[in-house]
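Hi,

Here is the structure I promised to pass on.

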Amino acid sequence: AAGGIAISSPDAARAQTGSAAAVTRQRFRGWISRGTGTNRTTLQELTLRPISGRQVVVRTEATNLCYSNIGAVLGIQPAIAPPPPPPAPAAPANAPRPAAAAPTGFGRLNQMALIQGHGGVGIVEAVGPDVRRVQVGDRVCVSGTPQCGSCYQCLRGRADMCQFLGRQGPDDLVPIADMSDGTPVYANSHIGGLAEKMVTFEEWVVPIFTKASAADLGMVCSCVSVAGLGATTSQNVALVEPGSIVAVVGCGPLGLSAVQGARISGASTIIA
């Protein structure tokens, strides 16, 4: 029946081909951080930009808020600023005043309109023409750690150090939507999970096949699992062999995930 509906509906047929036009200019809501102070994050209505290349649009089902993102969202930490430049030699009194340099690197983050959140679970709504990993309708986890599968690190078994992991700085981000006043909007870590739609690249997307609830998946597929369970099940980070004795310091979500990973790896004793 679903197949018949897709064939009979031109809009549905275009969606099945992954056409970017199927979602272009759609409006959605997202939590935008900009400026400084405790009111820097507000809920805004946004307009989706066209996608291209390896980009994927995901309708968000669930997301979480990482510990490392809380300060930026709530504005309870000092604004990120570049290190101060070395003192310049004194200029002659009649020398023209140089123009102020535009902020670069992480100093730009406070001025950019940024959708917060770096993880989530959802349904693929559209894919760019170069996407091969997923298709429209797939349920996916948008991971905080990309994996291209073809770089030096991925090929030697260190996908946790994929080449794309270092390409998430403010100078690497691309605008994925616009605010009502035309301000371009970017996505934290190429993800932006705190929004009704995530626009990411296929290296960040992992298809999942389960009937588990969105809330459960939002926890299991979060950066908590990447850091905790991933550390105690990976053969490259913390090698836990069968029969090992494992100590986990701290039993929050991350620590409990590490306990679970140690159990899966066959630890004989786990001290938490």
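Which residues line the largest cavity? Before I get to that, keep in mind that this is a predicted model. The lining is made up of Gln55, Leu173, Val174, Ile176, Tyr186, Ala187, His190, Val199 and Phe201. Two strands, β8 (184–187) and β9 (197–201), each put at least two residues into that lining. By type, the cavity lining has seven nonpolar residues, two polar ones and no charged ones. Its volume comes out at about 50 Å³, and a search of the whole structure turns up one cavity of 30 Å³ or more.

Now for the open space. The largest pocket has a volume of about 540 Å³. There are 22 residues around it, and Ser143, Thr145, Gln147, Val226 and Gly230 are the ones nearest its centre. Helix α6 (residues 223–233) gives the largest share of this lining, with five residues. The pocket lining splits into 10 nonpolar, 10 polar and two charged residues.

Cys151 is buried, with a relative accessible area of 8%. Cys162 is in no disulfide either: its nearest cysteine sulfur, again that of Cys148, lies 3.7 Å off. Cys162 is buried too, at a relative accessible area of 3%.

Cheers

How values were computed
Residues are numbered from 1 along each chain as its sequence is written. This is a predicted model: local features need pLDDT of at least 70, side-chain atom pairs count only at pLDDT 80 or more; totals for chains, interfaces and linings use all residues. Side-chain values use heavy atoms; hydrogens and water are left out. Buried means under 20% relative accessible area, exposed over 50%, partly exposed in between (1.4 Å probe, protein chains only). A disulfide is a pair of cysteine sulfur atoms within 2.5 Å. On a 1 Å grid over the protein atoms alone, a cavity is a set of points where a 1.4 Å probe fits but cannot get out, and a pocket is an open set with protein on both sides within 12 Å along at least five of seven lines; lining residues have an atom within 4 Å of a point. Grid points are joined across faces, edges and corners, and a volume is the space filled by probe spheres set on the points. Helices (H or I, at least four residues) and strands (E, at least two) are DSSP runs, numbered from the N terminus. Ala, Val, Leu, Ile, Met, Phe, Trp, Tyr, Cys and Pro count as nonpolar, Asp, Glu, Lys and Arg as charged, and the others, Gly among them, as polar.
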